[in-house]
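Student: I have a new structure to look at, and I would like to learn how to read it. Could you walk me through it?

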Amino acid sequence: MTIKSIIKGCGGYLPEKVLSNHDLAKMVDTSDEWIKQRTGIESRHIAAEDETTSAMAIKAAEDALLHADMPAADIDAVIVATTTPDLTFPATAAHVQAGLGMAHGFAFDVQAVCSGFIYALTTADSLIQAGRAKNVLVIGAEKMSSIVDWNDRGTCILFADGAGAVVLSAEETDEQKGILSAHLHSDGRQKDLLCTSGGPGTTGDAGVIHMEGREVFKHAVQHLAEAVDEALESNGIAPDEIDWLVPHQANIRIIESTAKKLGMSMDKVVTTVATHGNTSAASVPLALNAAVKDGRIKRGDLILTEAMGGGFTWGSALIRY
Ligand code: UT7
């Protein structure tokens, strides 16, 4: 018997305010047509000014705990993947821990931008397999609207806010279930292609997003193809055995390219990009939550998930739900 990390529950939260492409066309030189055609995005959710990343993370965590039928008292670690922490410190995970009324366990943040959730999930899986934690709340939460340059039409049309969460629990089993494998990569040489213009140790403020879109697109297509191949190869699995692809939601054209590479029809791909936009670390758990809650993803299904973001960072995970 080995220890496996099982997804016990999923949760999500999206802020109330919806910003449409038509709204954006009044702010910058763009159009609904261009945004839809080049990205697949129609609208996105934007947090209220006083709504913090941790506030959204807490709501997603509560939803995941409810779905897992588990009290916060049973959680022994909280990991928040975020690029937009409430404060420089303490970690947003500490705010979440306090918000959940937890006075036990440990909490920390993971920073891998859009790949953050895959990084956090892999970290949680490693803690569980090493016997250091039994029930881990893994959260991806972002207030990307706070670091968007609202005058830059190349980025302000893409990024959005929200939070997604899973409860990951240890189970001793002989079965091939839970997280079957996870694969992380980064290449710091590409750090300037997608970054912010500031930070605590340089400008003293958070800065705004800078992205060389076309270059990032090219790398995303290539790295994600490699990441899904790696997940399949290391498990000896053929693409047609995958029930669901749950990709990072950056651009429908990138998602279609990965699906095509896998020979998967788009009805096996969970897409939320049309109404969520790119919520960075929140995008994968939000997509997972949507497809679990509407009944598409069922217990026993084989899920392939992937993401790519600033750093560059990228990765994949194969999960028997
Ligand atoms: O989540 C982290 C990873 N991030 C990503 O994966 C994002 C990757 N990049 C992308 O999704 C795409 O590169 C974008 C959606 C950002 C841009 O799409 P593109 O097809 O690569 O467009 P482009 O940057 O090559 O620009 C084409 C044209 C340019 O005009 P010219 O130079 O051809 O005259 C841009 O100035 O489109 C123009 N353009 C726009 N036009 C209307 C750029 N943004 C806009 C806009 N509305 N919002």
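This is a predicted model: local features need pLDDT of at least 70, side-chain atom pairs count only at pLDDT 80 or more; totals for chains, interfaces and linings use all residues.

Student: Where does Thr 279 sit in the chain?

Tutor: Thr 279 belongs to the loop between helix H8 (273-276) and H9. Its side chain reaches the backbone nitrogen of Ser 283 at 3.0 Å. Leaving aside residues up to four places away in sequence, Thr 279 touches Glu 142, Ala 160, Asp 161, Gly 162 and Leu 286.

Student: Now the sheets, please. In what order do the strands of the five-strand sheet come?

Tutor: The order is S1-S7-S6-S4-S5, in an open sheet with mixed pairing. Strand S1 (2-13) and strand S5 (106-110) are at the edges with a single partner strand each, so one side of each has no neighbour in the sheet. From one strand to the next, the twist averages 20°.

Student: How do strand S4 and S5 pair, and over how many bridges?

Tutor: Strand S4 (residues 77-81) pairs with S5 in the parallel sense, over five bridges. To find one of these on screen, look for Ile 79, whose bridge partner in S5 is Phe 108.

Student: Which strands does helix H3 lie across?

Tutor: Helix H3 (residues 53-68) lies across S1, strand S6 (135-143) and strand S7 (161-173), and runs at about 120° to S1. Helix H9 (residues 283-293) also packs on this sheet, where it touches S1, S6 and S7, and its direction makes about 85° with that of S1.

Student: What is the strand order in the four-strand sheet?

Tutor: That open sheet has the order S8-S13-S12-S11, again with mixed pairing. Its edge strands are strand S8 (178-186) and S11, each of which pairs on one side only. Here the twist averages 15° from one strand to the next. H6 packs on the sheet and touches S8, S12 and strand S13 (313-320), with its direction at about 145° to that of S12. H9 packs on this sheet as well, touching S11 and S12, and its direction makes about 145° with that of S11.

Student: Which way do the side chains of strand S11 point?

Tutor: Here is the general idea: in a regular strand, side chains alternate between the two faces of the sheet. In strand S11 (residues 244-247), Trp 244 and Val 246 point one way, Leu 245 and Pro 247 point the other way, and all are buried. S11 runs parallel to strand S12 (residues 302-309), and four bridges join them.

Student: How many residues surround the ligand, and which are the closest?

Tutor: There are 23 residues around the ligand, and the closest are Thr 30, Arg 38, Arg 214, Asn 251 and Asn 278. Helix H2 (32-39), helix H6 (213-235) and helix H7 (252-262) each supply at least two residues of this shell, and H6 gives the most, with four residues.

How values were computed. Residues are numbered from 1 along each chain as its sequence is written. Side-chain values use heavy atoms; hydrogens and water are left out. Buried means under 20% relative accessible area, exposed over 50%, partly exposed in between (1.4 Å probe, protein chains only). Two strands pair if DSSP finds at least two bridges between them. Axes are lines fitted to C-alpha atoms, for helices over the stretch in contact, and angles run from 0 to 180 degrees between N-to-C directions. Contact means heavy atoms within 4.5 Å. A residue is near a molecule or strand if one of its heavy atoms lies within 4 Å of it. A polar contact is a pair of N or O atoms within 3.5 Å; within protein, one must be able to donate a hydrogen and the other to accept it, and residues adjacent in sequence count only if both atoms are side-chain atoms.
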